[in-house]
Amino acid sequence: MAERQGGTKDQKVAKFDNFLRQFRDKHTKQWKMFTAPQFMEVWKHYDSDGNGYIEGHELDSFLRSFIASINSTDTGPEVISDAAMKDLKVVFMDAFDENDDNRIDIAELAQILPMEENFLLLFRRDSPVASSVEFMKIWREFDKDCSGYIEADELKNFVRYLLKDAHQMVTEDKLVEYTDTMLNLFDNNKDGKLQLSEMAKLLPVKENFLCRPIFKGSNTVTMRDIDRVFKLYDRDENGAIENEELHGFLKDLLALVHEDYDSGDLDTFKEAILKCCDLNCDGRIDKEELTLFLMKYAVLSGDAEGVSA
């Protein structure tokens with residue numbers, strides 16, 4: 001972690017009892033522009049359990065610091081009553097909790113704090129990937145060595161691609177800084193590379209269609225639902241879900257039951273799904289096979305009655 005004023009991390013935290021105050025201008029009380037390393041510093045401070053979210057007590061601590069940081073000195077948590085904090089939290093989360101999960105993820109924090117424009121572009125909140133099929137195509141493009149991971153040099157190429165796609169150019173030093181920061185932010189298991197689920201947080205998909213209630217047992221799945229799912233994944237309209245289409249479908253299924261998964265999990269899941277549903281053993285999923293699978297999935301997920309017309 002970069003030390004801007006010298007001293008150990010403990011010394012620096014002691015100097016800034018309100019951790020966020022150091023990032024405000026002393027005179028205007030406005031936020032200073034956050035650099036990529038400073039953003040990472042804030043994230044690591046408040047995501048104390050390292051699970052990739054600011055939630056629960058972490059969120060309460062962040063909100064109190066965020067609100068009180070405008071003061072020149074610490075005034076104690078009692079200045080903001082519990083009742084007032086509860087009301088402020090509702091307003092705050094209504095404004096910034098975009099996916100309504102009652103916690104703040106990395107990309108949401110990037111919308112809260114004023115960021116370097118080029119670094120902010122890397123979070124792609126305004127242009128999410130259309131589907132997990134497109135995500136898997138990008139994954140295959142940048143996993144050059146087919147290791148099943150996006151390693152540091154591959155992530156650097158990906159960051160360069162995102163900036164180029166936004167018509168922005170940065171120096172090589174800044175590119176390395178952005179890459180190192182993104183790796184530190186999204187590499188939850190600290191193995192120096194990004195697995196599939198970690199990359200999915202960096203490169204969000206517009207919607208996992210399979211998260212809709214109709215596939216969780218709350219309603220009968222209709223043929224119209226199945227047609228929509230099949231069309232979503234059969235991108236080339238050849239009558240079968242295959243290759244990156246199949247991998248995208250499997251990724252969305254995995255994301256329903258696991259927050260942490262890698263390419264090995266995807267391959268294992270693929271083998272199990274094809275064994276169960278690939279009736280003609282061609283390594284693909286056609287509409288009839290998808291219908292049978294979704295019927296089984298809906299019933300196992302709840303009290304769905306099956307498929308209706």
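**Reading burial and packing in a predicted chain**

Modeller: Ala 110 has its place in helix H5, residues 106–112, where helices (H or I, at least four residues) and strands (E, at least two) are DSSP runs numbered from the N terminus. This is a predicted model, in which local features need pLDDT of at least 70 and side-chain atom pairs count only at pLDDT 80 or more, while totals for chains, interfaces and linings use all residues. Residues are numbered from 1 along each chain as its sequence is written, and side-chain values use heavy atoms, with hydrogens and water left out.

Biologist: Is Ala 110 buried or exposed?

Modeller: Buried means under 20% relative accessible area, exposed over 50%, and partly exposed in between, with a 1.4 Å probe and protein chains only. Ala 110 has a relative accessible area of 2% and is therefore buried. Leu 292, found in helix H14 (residues 287–301), counts as partly exposed because its relative accessibility is 34%. Buried residues make up 44% of the 309 residues in the chain.

Biologist: Which residues is Ala 110 in contact with, leaving aside its neighbours within four places in sequence?

Modeller: Contact means heavy atoms within 4.5 Å. By that criterion Ala 110 is in contact with Phe 39, Met 115, Leu 120 and Phe 123.

Biologist: What does Tyr 233 touch, not counting residues up to four places away in sequence?

Modeller: Tyr 233 lies in helix H11 (residues 223–233), and at 0% relative accessibility this residue counts as buried. Tyr 233 touches Val 133, Asn 208, Leu 210, Ile 241, Glu 245, Gly 248, Phe 249 and Asp 252.

Biologist: How should the length of helix H8 be read, and what do its buried residues pack against?

Modeller: The expected span of a helix is 1.5 Å times one less than its number of residues. The 14 residues of H8 (residues 152–165) should therefore span 20 Å, and the end C-alpha atoms are 20 Å apart, which agrees. In H8, Glu 154, Leu 155, Phe 158, Val 159, Leu 162 and Leu 163 are buried. The elements that the buried residues of H8 pack against include helix H7 (132–142), helix H9 (172–186) and strand E1 (150–151). After H8 comes His 167, whose phi is positive, near 60 degrees.

Biologist: How many helices and strands are there in the chain?

Modeller: The chain has 14 helices and four strands. Among its contacts between residues at least 6 apart in sequence, 60% join residues at least 24 apart.
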